[in-house]
Amino acid sequence: MERIVIIGGHGKVALHLAGLLAERGDEAVSVIRNPAHSADVERAGGHPAVLDVEKADVPAMAEAFADADAVVWSAGAGGGDAARTYAVDRDAAQRAIDAAAEAGVRRFVMVSWIGSTPDHGIPEDDPFFAYADAKLAADDHLRASDLDWTILGPGTLTLDPPTGRITTAPQGNGEVGRADVAAVIAAALVQPATIGRFIRFGAGDTLIAEALVAEAGSSAVQA
Ligand SMILES: NC(=O)c1ccc[n+]([C@@H]2O[C@H](COP(=O)([O-])OP(=O)(O)OC[C@H]3O[C@@H](n4cnc5c(N)ncnc54)[C@H](OP(=O)(O)O)[C@@H]3O)[C@@H](O)[C@H]2O)c1
């Protein structure tokens, strides 16, 4: 049994993930900022831990990560306000990475997005720029750490039911269901070949575990 901390624990991906981890006998510790979300987390199979990561410093986060085997970042400001986007998607994510290192938690899985590369091409005056810039900064911080990291890059998230299948060569905006994103996180956590890799994906035809192994065997999508 592994103890997995999920930051953004009441998020749509995170709730699916807590259920998948509980099903396979892992302990999902779901970090939420609103205590009223505890019941939803418990219903999904997670154990709620209340911590506002926008306000929490590195020691406070490290304390929350104590005894964990892995940390998953699946939080997000949800777009809109640029200052809050930077505060959550960049600054809090970077503190979480530092806190994992401080707590001695080596495994870190980041939920990023399909376009998270320096050539993302989003103009600075585009409302989406803050998100792209913040996510790339968080991803780069993780890459620069000596943690056992995996950066996942799903395309546009949907509420489609789970299929258990993806492609790591997505076309267009790489739409993919949040339930399948959760399954990719769960699979990546137990697949060491995904360590040190940025894996972009969308809905597809290949079984998730096979797609991750095949992608890890290629060097085509390394950022
Ligand atoms: N939307 C897309 O198309 C898309 C595409 C690719 C990747 N992604 C990424 O996928 C991930 C998960 O997506 P999702 O749809 O599951 O997101 P979501 O449902 O919006 O969940 C994000 C969660 O982050 C939490 N959060 C925000 N600020 C927080 C704070 N200060 N402290 C603790 N928790 C905080 C939110 O809590 P509250 O409920 O309290 O607000 C929310 O539950 C995100 O990292 C996102 O950037 C999204």
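## Close-ups of a predicted model

**View 1. Helix 6 from end to end.** At 1.5 Å a residue, the twelve residues of helix 6 should span 16 Å, and since its end C-alpha atoms sit 17 Å apart, the two figures agree. Everything in this legend and the ones below comes from a predicted model, by the way. How many of the residues in helix 6 are buried? Twelve of its twelve, so the helix counts as mostly covered. The buried run starts with Arg178, Ala179 and Asp180, and among the others are Val184, Ile185 and Leu189.

**View 2. Inside the largest nonpolar core.** This core is made up of 72 residues. Which of them have the most contacts inside it? Those are Leu17, Val71 and Ile185. Helix 6, covering residues 178-189, is the element that gives the most to this core, with ten residues.

**View 3. Who touches Val71?** Leave out residues up to four places away in sequence, and Val71 still touches Val5, Ile7, Phe65, Ala96, Ala100, Val105 and Phe108. Val71 is also one of the residues with the most contacts inside the largest nonpolar core.

View 4. Strand 8 (residues 165-167) pairs with strand 11 over two bridges, and the two run in the antiparallel sense. Look for Arg165 here: the residue opposite it is Leu207 in strand 11.

**View 5. Around the ligand.** There are 24 residues around the ligand, and Gly8, Gly11, Val13, Glu54 and Gly76 come nearest. Which helix gives the most to this shell? That would be helix 1 (residues 12-23), with three residues. Sorted by class, the shell has eleven nonpolar, eight polar and five charged residues.

**View 6. Asp67 in its loop.** You'll find Asp67 in the loop between helix 3 (58-64) and strand 4 (70-73). Its phi is near 70 degrees, a positive value in a residue other than glycine. Is Asp67 buried or exposed? Asp67 has 11 other C-beta atoms within 10 Å, and because 12 or fewer counts as exposed, Asp67 is exposed.

Technical notes
Residues numbered from 1 in each chain as written. Predicted model: local features only at pLDDT ≥ 70, side-chain atom pairs only at ≥ 80, totals over all residues. Core = buried A, V, L, I, M, F, W, Y, C linked by C-beta atoms within 7 Å. Buried ≥ 20, exposed ≤ 12 C-beta atoms within 10 Å, placed from the backbone. Helix = DSSP H or I, 4+ residues; strand = E, 2+ residues; numbered from the N terminus. Contact = placed C-beta atoms within 7 Å. Pairing = 2+ DSSP bridges. Near = placed C-beta within 6 Å. Nonpolar A, V, L, I, M, F, W, Y, C, P; charged D, E, K, R; others polar. Expected span 1.5 Å × (residues − 1).
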